[in-house]
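Biologist: Could you take me through this model? I would like to go region by region.

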Amino acid sequence: MRKEKTFTVETGRDAGKTFLIREMPVIQADRWAQRALFAMAKSGIDAQNLDLTSGMLGMAKFAFQAIGGIDPDVGGELLDELLTCAQIIPGGGIARPIVLDSDIEDVKTLYILRKEALMIHIDFLAQGSPSDSSN
């Protein structure tokens, strides 16, 4: 069973809206990760700058440097694909696909949805443990 997370936006124009984030199927997630890694590799970032002793903060700094060099078209496609993991849960309580032009009114919500979709796929890295498909 794929991991899921439900959250409610607390601030901004989308405050009170509830969303469901569902993990991509394994092959889609693997292909997404490969494209992201290849894009970062092509960005020209020097992996020798990665300080493994600086923990998650160092990893985040390295990732932001790498992301900054990604071709915007490739990066945009990767970000858009993360949004496919999200659904809105309207008042009736049944999740449905998001209609971007009408369901989301605040650009901050797009960033939150993308972040949550990414985190549901890489949370095992932050925990320092292997991925567990039973979650």
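Modeller: In this predicted model, Thr 11 sits in the loop that links strand 1 (4-8) to strand 2.

Biologist: Is Thr 11 buried, exposed or partly exposed?

Modeller: Thr 11 is classed as partly exposed, because its relative accessibility of 45% falls between the 20% and 50% limits.

Biologist: What does the side chain of Thr 11 make a polar contact with?

Modeller: The partner is the side chain of Lys 108, at 3.2 Å. Thr 11 can also be placed relative to Thr 109: the two are 98 residues apart in sequence, and their C-alpha atoms are 9.2 Å apart in space.

Biologist: Where does Thr 109 lie, and what does Thr 109 touch?

Modeller: Thr 109 belongs to helix 5. Not counting residues up to four places away in sequence, Thr 109 touches Val 9, Asp 14, Phe 19 and Ile 104. Thr 109 counts as buried because its relative accessible area is 1%.

Biologist: Staying with helix 5, what about His 121: buried or exposed?

Modeller: His 121, which is in helix 5 (residues 107-127), counts as buried because its relative accessibility is 14%, under the 20% limit.

Biologist: Which residues is His 121 in contact with, leaving aside its neighbours within four places in sequence?

Modeller: The contacts are with Glu 23, Met 24, Ala 29 and Cys 85.

Biologist: Let us change topic. How many residues does helix 1 have, and how far does it reach?

Modeller: Helix 1 (residues 26-42) has 17 residues and spans 24 Å from its first C-alpha to its last, close to the expected 24 Å. The buried residues of helix 1 are Ala 29, Trp 32, Ala 36, Ala 39 and Met 40. Viewed down the helix axis, these buried residues fall within an arc of 100°, so they line one face of helix 1.

Biologist: Which exposed residues does the face turned away from the buried side carry?

Modeller: That face of helix 1 carries Val 26, Arg 31, Leu 37, Phe 38, Ala 41 and Lys 42. Just after helix 1 comes Gly 44, with a positive phi of about 90°.

Biologist: Now the largest nonpolar core. Which of its residues touch the most other members?

Modeller: The core has 19 residues, and those touching the most other members are Phe 7, Phe 19, Ile 21, Met 24, Trp 32, Ile 98 and Leu 113. At least two residues of this core come from each of strand 2 (18-22), helix 1, helix 3 (72-83), strand 3 (86-89) and helix 5. In soluble globular proteins, nonpolar side chains tend to be buried together.

Biologist: What is Phe 7 in contact with, apart from neighbours within four places in sequence?

Modeller: Phe 7 is in contact with Lys 17, Thr 18, Phe 19, Ile 21, Ile 112, Leu 113 and Glu 116.

Biologist: Finally, the whole chain. How many helices and strands are there, and in what order do the elements run?

Modeller: The protein chain has 5 helices and 4 strands, which run β-β-α-α-α-β-β-α-α from the N terminus on. Of its 135 residues, 31% count as buried. The chain exposes about 9000 Å², with 60% of that area supplied by carbon and sulfur atoms.

Methods
Residues are numbered from 1 along each chain as its sequence is written. This is a predicted model: local features need pLDDT of at least 70, side-chain atom pairs count only at pLDDT 80 or more; totals for chains, interfaces and linings use all residues. Side-chain values use heavy atoms; hydrogens and water are left out. Buried means under 20% relative accessible area, exposed over 50%, partly exposed in between (1.4 Å probe, protein chains only). Accessible areas come from the Shrake-Rupley method with a 1.4 Å probe; for residues, only the protein chains shown count as cover. Contact means heavy atoms within 4.5 Å. The expected span of a helix is 1.5 Å times one less than its number of residues. The arc is that of the directions from the helix axis to the C-beta atoms. A nonpolar core is a set of buried Ala, Val, Leu, Ile, Met, Phe, Trp, Tyr and Cys residues joined through side-chain atoms within 4.5 Å. A polar contact is a pair of N or O atoms within 3.5 Å; within protein, one must be able to donate a hydrogen and the other to accept it, and residues adjacent in sequence count only if both atoms are side-chain atoms.
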